[in-house]
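Here is a briefing on one protein model, arranged by topic. Keep the sequence and the 3D view open while you read.

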Amino acid sequence: MSKVVGVRFKQAGTIYYFDPADIELKVGDDVVVDTAHGLSIGKVVIAPREVAPGEISEPLKPVLRKAQPDDMELEGKTREKEREALAKCEELVERFHLPMKLLSADYNLDGSYLTIYFKSEKRVDFRALLREISSTLKTHVELRQVGTRDAAKIVGGMGRCGLPLCCATHLPKFETISMRMAREQDLPLNPANISGVCGRLLCCLAYENEQYRIMKQKLPSLGQLVNTRLGEGKVIGGNPLKETVIVQLASEAVLEFPLSEIKPCSSNKPL
């Protein structure tokens with residue numbers, strides 16, 4: 001068995017695993033770790049635990065230390081450098097007339113590696129920009145193009161529900177969202193009504209989809225003849241969350257009944 005600790009570098013970012021290296025760690029601790037891009041500060045989100053060797057795909061890098069006051073002070077200065085780097089890069093993007101929108105800049109802890117995220121509707125030849133910004137900032141720079149969903153995650157904002165974007169607050173990865181989910185939940189199929197600020201289908205369509213699917217299986221099908229306390233009628237709708245069935249009676253009256261009060265007719269033949 002091997003011991004691992006889960007570390008996250010962004011609020012809703014991917015969790016990466018490291019060797020805790022016999023350091024006493026708990027959830028919420030800030031730690032300094034060595035990454036592919038140099039030293040970085042992350043936060044422990046999964047306490048040290050034992051895992052089977054087969055669960056680890058490659059040798060883990062160790063946690064170097066708990067973040068010290070000097071480390072946190074250096075990180076604060078790094079955040080200020082990121083804002084300056086982004087502003088400088090924006091000037092160069094304008095000078096080179098490049099069709100790209102800059103989103104954020106991320107330095108590693110000692111400032112030796114800078115990643116600048118941007119979005120664009122098409123491929124961008126940014127070689128001249130990369131040479132200029134690397135020379136100006138005197139550091140290794142990576143320009144990384146991201147899609148619209150990742151751009152929304154980086155920038156953040158408010159969703160149509162009035163709450164902060166799920167992707168920026170608690171979703172570490174994007175699930176596959178389809179129109180079938182909207183159809184399953186009887187939502188309007190107009191993309192404008194079920195799309196987020198990124199222009200893609202709302203991530204929250206996946207939250208209750210399985211529950212809707214299970215509950216709708218309990219409801220009688222549309223057109224089925226059923227018996228109610230007020231007589232026989234035809235199913236014309238239903239509410240899976242309330243577990244109710246909408247029935248049109250022989251009198252043409254339309255009423256909503258609890259599913260528990262509905263019994264299929266002996267003929268059970270749809271109209």
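Five strands make up an open sheet, in the order E12-E11-E10-E9-E13, with antiparallel pairing. The edge strands are E12 and E13 (263–264), and each of them pairs on one side only. This is a predicted model.

**The open sheet**

- Strands of a sheet pair through backbone hydrogen bonds, in either a parallel or an antiparallel way.
- Strand E10 covers residues 231–239, and strand E11 covers residues 244–249. The two run antiparallel and are joined by 6 bridges.
- Within this pair, Gly238 has Val245 of E11 as its bridge partner.
- E10 and E11 form a hairpin, with 4 residues between them. Glu243 sits in the turn and has a positive phi of about 55 degrees.
- E11 also pairs with strand E12 (residues 254–258), again in the antiparallel sense, over 5 bridges. Here Val247 stands opposite Leu255 of E12.
- E11 and E12 form a hairpin too, with 4 residues between the strands. In this turn, Glu252 has a positive phi of about 75 degrees.
- Asn227 stands opposite Lys263 in E13.

**The nonpolar cores**

- The largest nonpolar core has 18 residues. Those with the most contacts inside it are Cys89, Val93, Met100, Leu102, Leu114, Ile116 and Leu129.
- Two or more residues of this core come from each of helix H1 (69–96), strand E6 (101–107), strand E7 (113–119), helix H2 (127–137) and strand E8 (140–145).
- H1 gives the most to this core, with 5 residues.
- A second, separate core has 9 residues, among them Val247, Leu249, Phe257 and Leu259.
- What does Leu114 touch, leaving aside its neighbours within four places in sequence? Its contacts are Ala85, Ala105, Asp106, Tyr107, Leu137, Thr139, His140, Val141 and Glu142.

**The second largest pocket**

- This pocket holds about 350 Å³ of space.
- It is lined by 21 residues, and the closest to its centre are Gly159, Leu165, Cys166, Leu202 and Cys203.
- Helix H3 (148–155) and helix H4 (166–169) each supply at least two lining residues.
- By type, the lining divides into 15 nonpolar, 3 polar and 3 charged residues.

- Is Asp71 buried or exposed? Asp71 counts as buried because its relative accessible area is 8%, and the cut-off for buried is under 20%.
- Asp71 lies in helix H1. Beyond its neighbours within four places in sequence, Asp71 is in contact with Val32, Ile41, Arg65, Lys66 and Leu109.
- Gln145 has its place in strand E8. Its relative accessibility is 37%, so Gln145 counts as partly exposed.
- Not counting residues up to four places away in sequence, Gln145 touches Phe118, Ser120, Lys122, Arg123 and Val124.
- Gln145 and Val124 are 21 residues apart along the chain, and their C-alpha atoms are separated by 8.8 Å.

Notes
Residues numbered from 1 in each chain as written. Predicted model: local features only at pLDDT ≥ 70, side-chain atom pairs only at ≥ 80, totals over all residues. Heavy atoms only, no water. Pairing = 2+ DSSP bridges. Core = buried A, V, L, I, M, F, W, Y, C linked by side-chain atoms within 4.5 Å. Buried < 20%, exposed > 50% of the residue type's maximum accessible area, 1.4 Å probe, protein only. Contact = heavy atoms within 4.5 Å. 1 Å grid on protein atoms, 1.4 Å probe; cavity = no way out; pocket = protein on both sides within 12 Å on 5 of 7 lines; lining within 4 Å. Points joined across faces, edges and corners; volume = space filled by probe spheres on them. Nonpolar A, V, L, I, M, F, W, Y, C, P; charged D, E, K, R; others polar.
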